[in-house]
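Dear colleague,

I am handing over the structure we spoke of, and my notes on it follow below. Please read them with the coordinates open.

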Amino acid sequence: MAGVKYYLRQANAFLSHAQSITDPQLKARYRMMAQQYSDMASESAGEPEEVASETDDRQGPPRNLH
């Protein structure tokens, strides 16, 4: 299971990319993805790792951003 640090790194990467993009729709999509990863980090922070790994059915980050 991915941990809080992973989710925060992903959120920061999406925010960084959003700052360099001029397309408003893509910029909004990247900001939305950053918020989702930030939310996942918050959720993961509240769960013990054993419980989180048993209840987490996500297989990783989404593959398609378009």
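I begin with Tyr-30, which is buried, its relative accessible area being 14%. Please keep in mind that this is a predicted model. Tyr-30 forms an edge-to-face aromatic pair with Phe-14, at 5.4 Å centre to centre and with 85° between the planes. Since Phe-14 lies in helix H1 and Tyr-30 in helix H2, this pair ties together parts that are 16 residues apart in sequence. Phe-14 is buried too, with a relative accessible area of 10%.

As for the helices themselves, H1 (residues 4-20) and H2 (residues 24-45) pack at an angle of about 165°, and their axes are 8 Å apart. That angle makes H1 roughly antiparallel to H2, and the crossing in which H1 passes H2 is left-handed. By class, 15 nonpolar, five polar and two charged residues make up the contact of H1 with H2; among them are Leu-8, Ala-11 and Leu-15 in H1, and Met-33, Ala-34 and Ala-41 in H2.

Searching the whole structure gives five aromatic pairs. One of these is edge-to-face and joins Tyr-6 to Tyr-37, with 6.5 Å centre to centre and 80° between the planes; it links distant parts of the chain, Tyr-6 in helix H1 and Tyr-37 in helix H2, which stand 31 residues apart. Tyr-37 is buried, at a relative accessible area of 2%, whereas Tyr-6 counts as partly exposed because its relative accessibility is 22%. Finally, Tyr-6, Tyr-7, Phe-14, Tyr-30 and Tyr-37 form one aromatic cluster.

Definitions and conventions: Residues numbered from 1 in each chain as written. Predicted model: local features only at pLDDT ≥ 70, side-chain atom pairs only at ≥ 80, totals over all residues. Heavy atoms only, no water. Axes fitted to C-alpha atoms, helices over the stretch in contact; angles between N-to-C directions. Helix = DSSP H or I, 4+ residues; strand = E, 2+ residues; numbered from the N terminus. Parallel < 35°, antiparallel > 145°, perpendicular 65-115°, else oblique. Left-handed = near helix turned anticlockwise from the far one by under 90°. Contact = heavy atoms within 4.5 Å. Nonpolar A, V, L, I, M, F, W, Y, C, P; charged D, E, K, R; others polar. Phe/Tyr/Trp six-rings, centres within 6.5 Å; stacked < 30°, edge-to-face > 60°. Buried < 20%, exposed > 50% of the residue type's maximum accessible area, 1.4 Å probe, protein only.
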